[in-house]
Amino acid sequence: MIPLVDLRAQYRNLRHELTAAIDEVVNSQVFVNANKVRSFENACSAKFGVENAIGCSSGTSALFLALNACGIGPGDEVIVPAMTFIATAEAVSACGAVPVFADIDPGTYQLDIASAENLITSRAKAIIVVHLYGNCSDMDALTSLCRKRGLALIEDCAQSHLTRYKSKAVGGFGAAAAFSFYPGKNLGAFGDAGMVVTNDAATASTIRKLIDHGRVGKYEHSIIGFNHRMDEIQAAVLLVKLKYLEEWNACRRKIASRYCERFQTRGLKVMRVAAEIECSYHLYVVEVSNRDEVIEAMTAAGIATGIHYPKPLHLQRAYSSQSRNIRLPIAELTSKRLVSLPIFPALTEAEADRICDVFLENSKK
Ligand SMILES: *Cc1c(COP(=O)(O)O)cnc(C)c1O
């Protein structure tokens with residue numbers, strides 16, 4: 001079976017290095033938010049080109065912390081794309097604010113900036129841009145819209161570690177950005193982990209407090225925070241893997257360009273990636289009109305597939321009360337047509353070719 005993502009192959013190659021890093025933490029008996037987390041934060045701020053990187057317990061926590069530190073709270077609206085993992089909207093709800101769902105662009109599958117602009121009311125305080133599948137929006141247009149309308153821009157970088165826009169890594173374009181290191185992401189921990197990055201020192205200092213019970217001393221608490229801390233073992237694992245991220249993303253791009261070439265010559269619709277974007281291809285998605293058939297045939301041939309995502313957020317029961325009359329035609333159509341194919345650094349050329357063969361034999365545009 002070719003899986004959608006193969007974590008075992010990566011582990012096999014790095015086992016000794018990872019085991020040594022974990023051993024070091026176990027021997028130190030220091031487990032939470034200490035030296036390893038600081039080292040990983042410093043490595044990330046250098047790698048992603050941001051002033052401050054703050055390790056935390058998950059990507060969802062990172063989104064919550066970014067919004068909270070930007071002052072998002074009850075009575076506020078935050079515009080989010082309807083096509084994303086639900087965590088993007090949940091973080092808004094967790095702040096007591098309301099997520100307002102925008103449509104996506106039919107070519108890039110990223111936030112439709114015109115749709116977002118139409119949704120701005122006097123209650124709107126921020127826009128969350130999700131760099132979905134490792135792709136990226138038109139960040140010049142988006143940053144200028146946010147500046148013009150006085151909105152905070154928050155980036156959800158859970159699927160876009162080292163995606164670049166005009167040679168600059170995502171994460172530094174807005175007020176703050178959230179990364180997830182869930183095991184299946186391009187950079188994955190051995191459990192849950194996340195990170196907030198920001199170029200603003202005051203925001204960073206608030207986030208550091210929010211992560212650890214609002215602490216300013218051992219039992220001195222200046223604000224009401226929570227426990228969103230990162231574990232030392234996760235930081236140790238991530239510090240090892242970070243060195244390989246660039247190389248792994250290059251492997252993903254190579255597989256993606258192989259897929260794109262074969263699918264486009266057959267007239268299939270693949271994701272548009274603008275010339276100024278270096279996509280990190282967290283997922284490889286392609287549109288078909290007969291998705292159930294394709295998935296069935298691929299499964300029978302021993303090839304795993306996925307759907308990201310089968311139901312846009314405005315149609316989820318969790319958000320039904322606030323989005324009853326919303327129509328987002330592109331998100332609704334696209335969610336019925338996209339299928340995700342295996343993509344991970346250790347996928348061989350022969351496997352990629354077999355995936356293309358089976359896929360092309362069974363898919364209809
Ligand atoms: C994975 C993901 C998250 C959540 O990250 P966790 O670490 O699982 O909490 C948020 N947004 C997007 C787009 C994701 O893919």
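## Gln29 and the basis of the model

Gln29 counts as exposed, because its relative accessibility is 53% (exposed is over 50% relative accessible area, buried under 20%, partly exposed in between, with a 1.4 Å probe and protein chains only). Gln29 sits in the loop between α1 (7–28) and α2 (35–48). Its phi is near 60 degrees, a positive value in a residue other than glycine.

This is a predicted model: local features need pLDDT of at least 70, side-chain atom pairs count only at pLDDT 80 or more, and totals for chains, interfaces and linings use all residues. Residues are numbered from 1 along each chain as its sequence is written, and side-chain values use heavy atoms, with hydrogens and water left out.

## Overall fold

The protein has 12 helices and 15 strands. These are DSSP runs numbered from the N terminus: helices are H or I with at least four residues, strands are E with at least two. The radius of gyration is 20 Å, close to the 21 Å of the globule rule for 365 residues, so the protein is as compact as a globular protein of that length. That radius is taken over C-alpha atoms, and the rule is 2.2 Å times the number of residues to the power 0.38.

Of the 365 residues, 54% count as buried. Residues 24 or more positions apart supply 70% of the contacts with a separation of 6 or more (contact means heavy atoms within 4.5 Å).

## Nonpolar cores

A nonpolar core is a set of buried Ala, Val, Leu, Ile, Met, Phe, Trp, Tyr and Cys residues joined through side-chain atoms within 4.5 Å. The largest holds 73 residues, of which Tyr259, Phe263, Tyr284 and Phe359 touch the most other members. Helix α3 (residues 59–69) gives the most to this core, with seven residues. A second, separate core has 44 residues, including Ala124 and Leu187.

Leaving aside residues up to four places away in sequence, Phe263 touches Leu268, Val270, Tyr284, Val286, Leu341, Cys356, Phe359 and Leu360.

## Ile207

Ile207 lies in helix α7 (residues 201–211). It counts as buried, at 0% relative accessibility. Ile207 touches Ile54, Leu65, Ala69 and Val196, not counting residues up to four places away in sequence.

## Backbone features

Lys166 has phi near 50 degrees, a positive value in a residue other than glycine. Lys166 is in the loop between β6 (164–165) and β7 (168–169). Its relative accessible area of 47% makes Lys166 partly exposed.

The peptide bond from His308 to Tyr309 is cis, with omega near 10 degrees. Tyr309 belongs to the loop between α10 (291–300) and α11 (329–337).
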